[in-house]
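Reader: I have the sequence and the model open side by side. Could you walk me through them, question by question?

Author: Gladly, let us look together.

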Number of protein chains: 4
Amino acid sequence: MRPEEPTAVFLINCPDQRGLVASISSFFFEKGFNIISCQQYSELSTGRYFMRIELSLSDLKTSRKKLEADFAAFGKDFGLGWSVHYTDEKQRMAILVSKTSHCLYDLLLRWKEKEIDCEIPLIISNHPDLESVANQFKIPFHCLPVSKETKTEQESEIRALLESHHIDLVVLARYMQVLSSGFVHEYEGRVINIHHAFLPAFQGANPYQRAWERGVKMIGATAHYATEDLDEGPIIEQDVQRVMHEESPEELKQIGRDVERIVLSRAVQAHLEHRIILSGRRTIIFRR
Amino acid sequence: MRPEEPTAVFLINCPDQRGLVASISSFFFEKGFNIISCQQYSELSTGRYFMRIELSLSDLKTSRKKLEADFAAFGKDFGLGWSVHYTDEKQRMAILVSKTSHCLYDLLLRWKEKEIDCEIPLIISNHPDLESVANQFKIPFHCLPVSKETKTEQESEIRALLESHHIDLVVLARYMQVLSSGFVHEYEGRVINIHHAFLPAFQGANPYQRAWERGVKMIGATAHYATEDLDEGPIIEQDVQRVMHEESPEELKQIGRDVERIVLSRAVQAHLEHRIILSGRRTIIFRR
Amino acid sequence: MRPEEPTAVFLINCPDQRGLVASISSFFFEKGFNIISCQQYSELSTGRYFMRIELSLSDLKTSRKKLEADFAAFGKDFGLGWSVHYTDEKQRMAILVSKTSHCLYDLLLRWKEKEIDCEIPLIISNHPDLESVANQFKIPFHCLPVSKETKTEQESEIRALLESHHIDLVVLARYMQVLSSGFVHEYEGRVINIHHAFLPAFQGANPYQRAWERGVKMIGATAHYATEDLDEGPIIEQDVQRVMHEESPEELKQIGRDVERIVLSRAVQAHLEHRIILSGRRTIIFRR
Amino acid sequence: MRPEEPTAVFLINCPDQRGLVASISSFFFEKGFNIISCQQYSELSTGRYFMRIELSLSDLKTSRKKLEADFAAFGKDFGLGWSVHYTDEKQRMAILVSKTSHCLYDLLLRWKEKEIDCEIPLIISNHPDLESVANQFKIPFHCLPVSKETKTEQESEIRALLESHHIDLVVLARYMQVLSSGFVHEYEGRVINIHHAFLPAFQGANPYQRAWERGVKMIGATAHYATEDLDEGPIIEQDVQRVMHEESPEELKQIGRDVERIVLSRAVQAHLEHRIILSGRRTIIFRR
């Protein structure tokens, strides 16, 4: 359940130890906060502890800076890694696309319905095809064509745009270009890609054709954080759809579109709602 | 994740109010407990707060009685409704069946695999058909035939058996007899029934035949606590399976068997793991 | 698999009897047709036989009239009920909406992607809200407000519009008005409605609120042909989505949107591809 | 829908060409057969045509030998590859297991419920653990322990048993030994294996551990025909189950058991009901 009032969300990642729930919840209780939700997970194999705690901002009696400083001081003893997010500070999301519109439309329609809560200052593409979609939703569209020769230069232009628009999250909504490792490193944990297969099966190009040839009985899609190794990043969300022998590779592609768009949108929602913590290559996804 | 060591599970149901997480978790922390897991849910429409908190019993420094008395005293101020369960005190489950074996087998196989953790001192049936199944798993089998005339008497015999075996949970694994309201009241929240339809659709008899006639495209099953009104009790678990026009009513029944057994087993697991709290006619089901 | 070339589709409904496949397929073979696909179903309980047979139109050596006359003559002995459809004669679909856009968008996006193959000469609504969506896709939008007093008159206007645009299929994409029995009779088997519940559960108004109160663990949607009795018409497609106790009625509604739109679009596709035959209150849905 | 009377099932695989449905159905019609069901599939990319046609055996006026000879003569012109199966000649299935019982139980329970229709003359294992399960169902159990040194010899013993019992289908129900390529060649298309992952992901050993490490959000199982390359054979059936970050590798294994057993049983059913035709590495699976 998403609270309607503005909240502060703390994401915590630390060595597992006694008294974490009691100490952390007491810290906030003593500061006068109502705890709206508090979720935890202890990972036995790594000995790590993960927590998501959400507080009503109307209870905040100091500045946000002060709260953060106090929490930092408090957290030292426990070795807390943490970040805090305020839901009234809207995140800024850029969408990168090529020619295919289904994922873009799905994101924009959910954004219009307020299922996806953020600002979308721009859409970037290496092709002009989807400009009219951007226009329908009144979002500025930047067409930055790319060739082998201009690859580095075009990526610099993208990064300049992302920077000047203070972008928090980059969504590759079927953007068919590989990003440089420099880019991916700088935006680690902030670039979400949709791969049109059930990873780790069918990494790389033409997954539907290869799925058809292998004769699989279900096709899938995977949303993951982008990393240097293509299609190897931490998985955020996956889903599948049953297919039959009658379906041609072309029809698998069509069926796959429904899976891709729903998987990507769920991943973007989880990220924007601060429900994801990374644990190495795995993702902890707290439920709404 | 089910912890392997013995634990104490507190299930709490109270008016929502400030400081519940902090106070309750501090109560246990100060008593020296490690909190293994702590889950909450605030129901806005009823203003109720629900919590499941699980503690390592190896941290218990007093008697269980003392712990309970201390928690009762502590909980008064908050108006806590609560119960506590110790996982090293095995619950005792009775299974009631008629002639159909699929749900019985599923429960017994999971019990053998330790997916279902309890004792099963007896199986009761109004027909002799499944005695050999009970024998395979070395569980005493009681055949108590029933007719219109002997209904009250037979139920008394069942209740006597349940009592003398100190039964905590009664599972109606396709037991095709209606229980008296007296029985259901006495065992409120402790009798789980499987209905072979996706409630509230197709309440009552012959759901597969009626589903076929209505031409539904999915058939389902529902596990629920038994109440006076047949098929009206709080729902614990549901699932469905897609069907096609080719399937005859007889085949729907066969397909349905797979749904029934998995739905019933999941409900029984949730109950035995103390993951269910009732909120009126709704169930709060905490995840493992 | 949808063939790319123009085809003729015969839908046949007759008493089951020996030699139907051989006789019918031979009829077409002798006329020089390549049979692209041929699907059958014998319904034991009614003794009816259903067939869908698809032929390449490039093999047609006579006029369509002549083919139909020949088939009618041939079919008499077998008591064939039948209809024929030519995929190069595009069907004309009208969409009726109120204020909610998700089903409308889904239909229009699939139509643009050519997943839904028809003409859409107009969108009709009792509210002005979705005019901009219609504009985005360059489809004429007719706003016909309605009140208790003007109900009959407004429906007449709708029927006049449908007639003057030679509409083959009317899709109620969350059009929140009940149609008169006269309308429904005239357009029998040609009006598809989406109900936002898993019928026959939660017929009528506010299904998500009632689903929440009943505490169901899955919510669903049902696409069906409209009949006089609201929500009682033959079911074309259904699907469900798992929900948890945390989800509020408002969130069930949001989750339900994804189910509704996919269920409605699949039903519309099946109808437009001539894959549905009615058998009383049940639908035979041949697969692609 | 499975017919209750004995039938003959022809499985046909040939180059696609005009008149196949008409010619084949007429062949049987002229011999006096009622066609119970007739299913086809044209594979565009390979130009192959596949048909499954099922006939009532009560219509057979000649010997089975004569029917086969006549059909062989008829089929020559069309280049038909074909096989025929009579449902009153029960197939004989051997089950190979190691220590894990869930797939074995599932097969045996469905066999007892007559969902799986065959004879099971023996169960073979390299461990003694499951003998009691075999005993419950009164099926002879052969324990053939195996070590690196005795591998060849033990396989010979297995083959001798299969031969002397005239086995038609070998089911590897979590038999954890690799078969020799000689064995696999001899029994091509007659050995079904269950792999506990969603192939082609996680081929080889320890798939649940690796799935956990990769952080996938769904785990699956795959039933396939065994071939020389382990886990590379034609896929018959797949399914998946959603998992969360909380689930340990051990719990993935438990959840996976439910997927494995249902996937294997569906594959075995499809094979025994003569609903599978191989097309290279792909399987054509006709529906019931």
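Reader: Which residue of chain A comes closest to the rotation axis?

Author: Happy to start there, with a word on the ground rules. This is a predicted model, in which local features need pLDDT of at least 70, side-chain atom pairs count only at pLDDT 80 or more, and totals for chains, interfaces and linings use all residues. Residues are numbered from 1 along each chain as its sequence is written, while chains are lettered from A and ligands numbered from 1 in the order in which they are written. A rotation of 180 degrees, with 0.0 Å of shift along its axis, superposes chain A on chain D at RMSD 0.0 Å (by least squares on the C-alpha atoms of residues with pLDDT of at least 70 in both). The two copies are thus related as by a two-fold rotation axis, and the chain A residue that comes closest to the axis, at 2.3 Å (C-alpha), is Ala201(A).

Reader: What percentage of the contact residues of chain A recur in chain D?

Author: Contact here requires C-beta atoms, placed from the backbone, to lie within 7 Å. The same surface serves both copies, and the share that recurs is 100%.

Reader: In what order do the strands of the open sheet in chain A run?

Author: Strands are DSSP runs of E with at least two residues, helices runs of H or I with at least four, numbered from the N terminus; two strands pair if DSSP finds at least two bridges between them. The sheet has 7 strands with mixed pairing. Its edge strands, each pairing on one side only, are β7 (141–143) and β11 (235–242) of chain A. The order is β7-β6-β5-β8-β9-β10-β11.

Reader: Which residue in β10(A) stands opposite Ile192(A)?

Author: Strand β9 (residues 191–195) of chain A runs antiparallel to β10 (residues 218–225) of chain A, and 4 bridges join them. Opposite Ile192(A) stands Tyr225(A).

Reader: How many residues of helix α3 of chain B are buried?

Author: Buried means 20 or more other C-beta atoms within 10 Å of a residue's own, exposed 12 or fewer, and partly exposed in between, with C-beta atoms placed from the backbone. The buried residues of α3(B) include Cys103(B), Tyr105(B) and Trp111(B). Helix α3 (residues 102–112) of chain B is mostly covered, and of its 11 residues the buried number is 9.

Reader: What is the phi of Lys114(B)?

Author: Lys114(B) follows α3(B). Its phi is positive, near 65 degrees.

Technical notes
Two residues are in contact if their C-beta atoms, placed from the backbone, lie within 7 Å.
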